[in-house]
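Subject: Structure handover

Hi there,

Here is the structure I promised to pass on. Could you open it next to this email and follow along as you read?

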Amino acid sequence: WMVENLKTTKYNDGTPIHNVTDNDEVMFLTTGAYCNYDNLESNAEIYGRLYNWYAVNTGKLAPAGWHVPTDDDWTILENYLIANGYNYDGTKDEDKIAKSLCAKTNWELSDEDGTPGAAPENNNSTGFTALPGGYRDGSDGYFGLIGEYGGWWSSTEDGGYYAHYRSLYYYRKDLNRNHNDKGNGFSVRLVRD
C-alpha cells in the first residue's frame with residue numbers, strides 16, 4: 001500500500017483530471033474530477049486530493065504497477081491487521097485497528113481510549129499514515145470534517161449511485177466500511193498490483 005494519499009492531477013495517460021472548484025458544478029458531475037479541500041493547494045500538499053468515484057472508475061488514476069484497491073483489497077488488509085495483533089489492545093477478534101492506521105498528527109483529540117484522537121503519539125504502528133483529509137459532498141459542494149475524518153474510495157461499485165469506501169474517525173476504534181454517492185469527494189490510496 002502507498003503510505004500517502006494520492007495527489008495526482010492527471011490520469012496515467014497524461015490527460016488532465018478536471019479540477020472542480022464551483023459548488024454548483026459539483027452537483028451535476030458524472031465524469032471524473034478532483035478538488036483540494038476548501039480549494040486550497042496547501043491542503044492538498046498535506047492531505048492529498050479528493051476525487052469523485054467517476055475518476056476512480058476511469059481505471060486511469062494509478063501509475064503502472066498500482067491500482068485503486070477493490071473492496072476485497074480493503075477487507076484483506078483489515079483482516080490481516082486484526083489477525084496479526086494490530087488492534088489497539090492487542091486482541092485478534094474484532095475491528096479495533098484505527099489507531100494502527102492513523103498518522104500521529106493532524107487528528108482531532110479524543111478522550112475515548114483506542115481511538116486515533118486518544119494518545120495520537122501511539123498511532124501508526126502499521127506505517128499506513130492515514131490523515132483526516134475530510135470530504136466533499138457531491139450534492140452541494142460542502143467541504144467537511146477535515147481533522148476529524150478520512151474517507152478512501154474502493155474501485156468497487158455498489159449499485160447505480162453508490163460505491164464502497166472505507167473511513168476513519170478521530171473518535172472511533174474501527175475502520176468503517178460503507179457505500180456512498182459516487183459524486184462525493186474522498187481520498188484515494190493505491191495498492192501494488
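**Helix H4 and its surroundings**

Helix H4 (residues 71-83) is 13 residues long and spans 18 Å from its first C-alpha to its last, close to the 18 Å expected at 1.5 Å a residue. The expected span here is 1.5 Å times one less than the number of residues in the helix. Helices (H or I, at least four residues) and strands (E, at least two) are DSSP runs, numbered from the N terminus.

Before going further, please note that this is a predicted model, in which local features need pLDDT of at least 70 and side-chain atom pairs count only at pLDDT 80 or more, while totals for chains, interfaces and linings use all residues. Residues are numbered from 1 along each chain as its sequence is written, and side-chain values use heavy atoms, with hydrogens and water left out.

Back to H4: Asp-71, Asp-73, Trp-74, Leu-77, Glu-78, Leu-81 and Ile-82 are buried there. Buried means under 20% relative accessible area, exposed over 50%, and partly exposed in between (1.4 Å probe, protein chains only). Looking down the axis of H4, the buried residues fall within an arc of 165°, so they line one face of the helix; the arc is taken from the directions from the helix axis to the C-beta atoms. On the other side of H4, Asp-72 and Ile-76 are exposed. The cover over the buried residues of H4 includes strand E4 (66-67), helix H5 (98-101), E7, E8, E9 and strand E10 (191-192). Just after H4, Gly-85 has a positive phi of about 80°.

Two strands pair if DSSP finds at least two bridges between them. E7 and E8 run antiparallel and are joined by six bridges. Their hairpin has four residues between the strands, and Gly-159 in this hairpin takes a positive phi near 85°. Strand E8 (residues 162-169) is also joined by six bridges to strand E9 (residues 176-181), again antiparallel. E8 and E9 form a hairpin as well, with six residues between them.

**What sits inside**

In soluble globular proteins, nonpolar side chains tend to be buried together. A nonpolar core is counted here as a set of buried Ala, Val, Leu, Ile, Met, Phe, Trp, Tyr and Cys residues joined through side-chain atoms within 4.5 Å. The largest such core has 21 residues, and Tyr-51, Val-56, Leu-61, Trp-153, Val-188 and Leu-190 have the most contacts inside it. Helix H3 (53-57), strand E7 (149-157) and E8 are the elements that give two or more residues to this core. A second, separate core has 18 residues, among them Ala-98, Leu-101, Ala-103 and Leu-131.

Leu-190 touches Trp-1, Met-2, Leu-6, Ala-62, Pro-63, Trp-66, His-67, Val-68 and Pro-69, not counting residues up to four places away in sequence. Contact means heavy atoms within 4.5 Å.

**Charged pairs**

A salt bridge is a side-chain nitrogen of Lys or Arg within 4 Å of a carboxyl oxygen of Asp or Glu. By this rule the count comes to eight salt bridges.

- Lys-173 pairs with Glu-112, their closest N and O atoms being 3.4 Å apart. Lys-173 lies in the loop between E8 and E9 and Glu-112 in the loop between H5 and strand E5 (135-136), so the pair ties together parts that are 61 residues apart in sequence. Lys-173 is partly exposed at 25% relative accessibility, and Glu-112 is partly exposed at 40%.
- Arg-172 forms a salt bridge with Asp-174, with 2.8 Å between the closest N and O atoms. Arg-172 is partly exposed at 27% relative accessibility, whereas Asp-174 is buried, with a relative accessible area of 17%.
- Glu-41 forms a salt bridge with Arg-49, the closest N and O atoms lying 3.2 Å apart. Glu-41 is partly exposed, with a relative accessible area of 40%, while Arg-49 is buried at 8%.
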